[in-house]
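This report describes a protein model, beginning with a feature of its surface and then turning to one helix and to the overall fold.

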Amino acid sequence: MSSIYKIYVHKNERNYLNRNSFKKKVNKRLKLLIEGIIAIIVIIFLLSKLNVGEIINILKETNLLLLILAILFFLISFFLTVLGVKILFDSIHPLSFKEWVKYSLCGFSLGLIFPGRAGDLSIIYLAKKKGFDYGTSTALTLVDKISTLIIFGIIAGIGSFTILKSTELYLGLIVGALFIILGLFLFTPTGRKIIRAIIGKYAIHFKGFNKAFTELIKNHKWRLFLNIIITLVRPIINGLVTVILFKAIGIDVSFLFAIIISTITIIVSLVPLTPNGIGIKEGVGIYLFTILGISAEAAASMYALTLAIYLSLGVIGITLYTLELKKEI
């Protein structure tokens with residue numbers, strides 16, 4: 001009788017777990033669907049405010065040589081991002097640059113799907129297959145993301161003084177400051193306690209977090225310094241890409257303002273409303289460029305080219321990610 005009872009209980013537990021797993025999958029897909037719908041609504045709204053015919057005419061006159069040059073600099077920025085991550089993770093054990101490029105491409109492609117660039121954090125899961133535990137990967141990934149957030153936030157905050165009106169400026173600075181404070185709070189003892197309480201029983205999977213962070217700060221300061229230097233260079237290259245893309249459609253734009261606005265839009269893309277902030281960052285960017293006297297259609301054309309580059313790289317990343325999944329089967 002007891003064995004029958006055990007079988008009955010085990011069967012019920014299994015059914016319960018299956019139902020929970022199914023609910024999570026449904027909720028996840030529903031959330032992605034809602035975010036996709038929001039992105040479509042935002043894009044439709046933007047297009048309704050623009051002269052689409054003029055945008056098409058501008059894109060038809062795109063200088064292909066300059067477009068290729070912009071793509072090359074975009075790739076340089078991407079490779080620098082990969083290098084910054086590799087430098088931090090090498091503090092635990094080295095992995096080839098080629099491997100990090102592959103994993104970063106996978107993360108990049110998922111970042112085009114998940115909201116607020118959350119897909120970038122998929123590197124935590126991918127690194128697990130190369131011997132990095134979740135705690136270590138989370139700590140090093142967050143160090144990279146937080147250094148990016150702080151540096152980009154400072155550039156965006158200071159640069160906003162030259163573009164935005166007082167009300168918009170204060171709101172932007174408050175939001176930026178909150179992001180930075182929240183990021184730094186995660187590394188405090190209280191912050192870690194709160195995180196452990198939130199993730200509950202899953203905390204055991206992140207037990208290497210504090211050790212990896214402490215080890216990096218104590219014994220690998222030069223790695224952190226190099227990561228910061230690389231992070232400082234990235235906004236400059238991003239601004240250069242923006243200048244070249246505008247030049248490709250026959251528009252001259254200030255290099256300084258290109259750095260500032262491209263940085264602001266990257267910060268905005270962290271808002272978890274649409275996949276990779278699509279629609280929102282373009283809307284903010286178009287608005288900021290119109291303040292500088294550039295037509296909304298010209299700015300929209302530049303962002304259309306940027307989106308095309310992102311999607312092209314994303315296709316490569318999705319292909320690699322699919323191949324990675326097949327290897328596990």
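## A nonpolar surface patch

Which residues form a nonpolar patch on the surface? Trp222, Phe225, Leu226, Ile228, Ile229, Leu232 and Val233 do, with about 600 Å² of accessible area together; accessible areas come from the Shrake-Rupley method with a 1.4 Å probe, and for residues only the protein chains shown count as cover. Patches of this kind join nonpolar side chains (Val, Leu, Ile, Met, Phe, Trp, Tyr) within 5 Å, from residues with over 30% relative accessible area and no salt bridge, the latter being a side-chain nitrogen of Lys or Arg within 4 Å of a carboxyl oxygen of Asp or Glu.

This is a predicted model, in which local features need pLDDT of at least 70 and side-chain atom pairs count only at pLDDT 80 or more, while totals for chains, interfaces and linings use all residues. Residues are numbered from 1 along each chain as its sequence is written, and side-chain values use heavy atoms, with hydrogens and water left out.

## Helix α10

Val233 lies in helix α10 and is partly exposed, with a relative accessible area of 33%, where partly exposed covers the range between buried (under 20%) and exposed (over 50%), with a 1.4 Å probe and protein chains only. Helix α10 spans residues 221–248 and, with 28 residues, reaches 41 Å from first to last C-alpha, close to the 40 Å expected at 1.5 Å a residue, a span taken as 1.5 Å times one less than the number of residues. After α10 comes Gly250, with a positive phi near 85 degrees.

## Overall fold

The protein has 13 helices and 0 strands, helices being DSSP runs of H or I with at least four residues and strands runs of E with at least two, numbered from the N terminus. Of its 329 residues, 43% are buried.

Methods:
Patch = residues over 30% accessible without salt bridge, like charges linked within 9 Å, V, L, I, M, F, W, Y side chains within 5 Å.
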